[in-house]
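Here is a short briefing on one protein chain. Keep the model open beside the text.

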Amino acid sequence: DGITLASNGKVTFPNNTGNILQVVSTTKQDVFSIEGVNSGGSYAAITGLSAAITPSSSSNKILITCSLTVGHSVARYQTNFRLYKAGSHLTGASGTATGNREAVWMNFKQNDVTADREILSNQYLDTAGGTSSITYQIYVKVEDGSGSKIFRLNTGGDDNDNWYNGRASSTITLMEIAA
């Protein structure tokens, strides 16, 4: 009841609930790389891949979506990703930790060819919780092992200087949705 479809195709909801109030997006075009850490290591921010939004109401929802182009320098190694809100792990976006298995937003394991790259995507619907600017950022942690294990964003794992090793982009997008 009350949902209308305007002549321009826009859907409106009663009392504006469900309407998208604003969209903020950041596209990272350059390459980010980080070496693996031991099991006691911490998560590191993917520099240049964050977005800030200032909600108009603390009860509104923020839909966070991302698309990442990823690769590893060594096959069969793992990378974990966490979504951070205002500098802290947004635990509601992650799975449940058990034993030594960490709670993460996404996980990536390189297949047998280090030149390959994958596209990872995910989303999470958060409650704003305030009307001050909120920064969302993706953090990463790479499995360690013998030798150097390097995670790369926006390129393949080997990053050789060939035309077919095209460099891609990664994006994080925030949408404020009226509650």
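Start with Tyr84, which counts as buried because its relative accessibility is 12%. The model is predicted.

**Aromatic pairs**
- The whole structure holds two aromatic pairs.
- Phe81 and Phe151 form an edge-to-face pair, with 5.6 Å from centre to centre and 75° between the planes.
- This pair links distant parts of the chain: Phe81 sits in strand β7 and Phe151 in strand β12, 70 residues apart.
- Phe81 and Phe151 are both buried.
- Tyr84 and Tyr139 make a stacked pair, because their ring centres are 3.6 Å apart and their planes are at 15°.
- Tyr84 belongs to strand β7 and Tyr139 to strand β11, so this pair ties together parts 55 residues apart in sequence.
- Tyr139 has a relative accessible area of 16%, so this residue is buried.

**Nonpolar core**
- The largest nonpolar core has 28 residues, and Leu68, Phe81, Tyr136 and Ile138 touch the most other members.
- Elements giving two or more residues to this core are β5 (44-53), β6 (61-72), β7 (78-85), β9 (106-109), β11, β12 (150-153) and β13 (170-177).
- Beyond four places in sequence, Leu68 touches Leu49, Phe81, Met106, Glu118, Ile119, Leu120, Ile138, Leu153 and Ser170.
- As background, nonpolar side chains tend to be buried together in soluble globular proteins.

**Salt bridges**
- A search of the whole structure turns up three salt bridges.
- One joins the side chains of Lys28 and Asp30, at 2.8 Å from N to O.
- Lys28 is buried because its relative accessible area is 4%. Asp30 is at 45% relative accessibility, so this residue counts as partly exposed.
- Another joins the side chains of Asp126 and Lys85, also with an N to O distance of 2.8 Å.
- Asp126 is in strand β10 (residues 118-127) and Lys85 in strand β7, so this pair links distant parts of the chain, 41 residues apart.
- Asp126 has a relative accessible area of 7% and is therefore buried. Lys85 is buried at 19%, which falls under the 20% cut-off.
- Lys141 and Glu102 also meet through their side chains in a salt bridge, at 2.8 Å from N to O.
- Lys141 lies in strand β11 and Glu102 in the loop between β8 (88-89) and β9, so the pair ties together parts 39 residues apart in sequence.
- Lys141 counts as buried because its relative accessibility is 11%. Glu102, at 31%, counts as partly exposed.

**Gln137**
- Gln137 is part of strand β11 (residues 134-142).
- Its relative accessibility is 17%, so Gln137 counts as buried.
- A polar atom of the Gln137 side chain lies 3.1 Å from the backbone oxygen of Ile46.
- Apart from neighbours within four places in sequence, Gln137 is in contact with Ala45, Ile46, Thr47, Leu49, Ser50, Arg82, Leu83 and Tyr84.

**Ala52**
- Ala52 is found in strand β5.
- Ala52 counts as partly exposed because its relative accessibility is 37%.
- Val24 is 28 residues away along the chain, yet its C-alpha atom is separated from that of Ala52 by 7.3 Å.
- Not counting residues up to four places away in sequence, Ala52 touches Val24, Ser133, Ile134, Thr135 and Leu174.

Note on methods: Residues numbered from 1 in each chain as written. Predicted model: local features only at pLDDT ≥ 70, side-chain atom pairs only at ≥ 80, totals over all residues. Heavy atoms only, no water. Helix = DSSP H or I, 4+ residues; strand = E, 2+ residues; numbered from the N terminus. Buried < 20%, exposed > 50% of the residue type's maximum accessible area, 1.4 Å probe, protein only. Polar contact = N/O pair within 3.5 Å; in protein donor to acceptor, adjacent residues only side chain to side chain. Contact = heavy atoms within 4.5 Å. Core = buried A, V, L, I, M, F, W, Y, C linked by side-chain atoms within 4.5 Å. Salt bridge = Lys/Arg side-chain N within 4 Å of Asp/Glu carboxyl O. Phe/Tyr/Trp six-rings, centres within 6.5 Å; stacked < 30°, edge-to-face > 60°.
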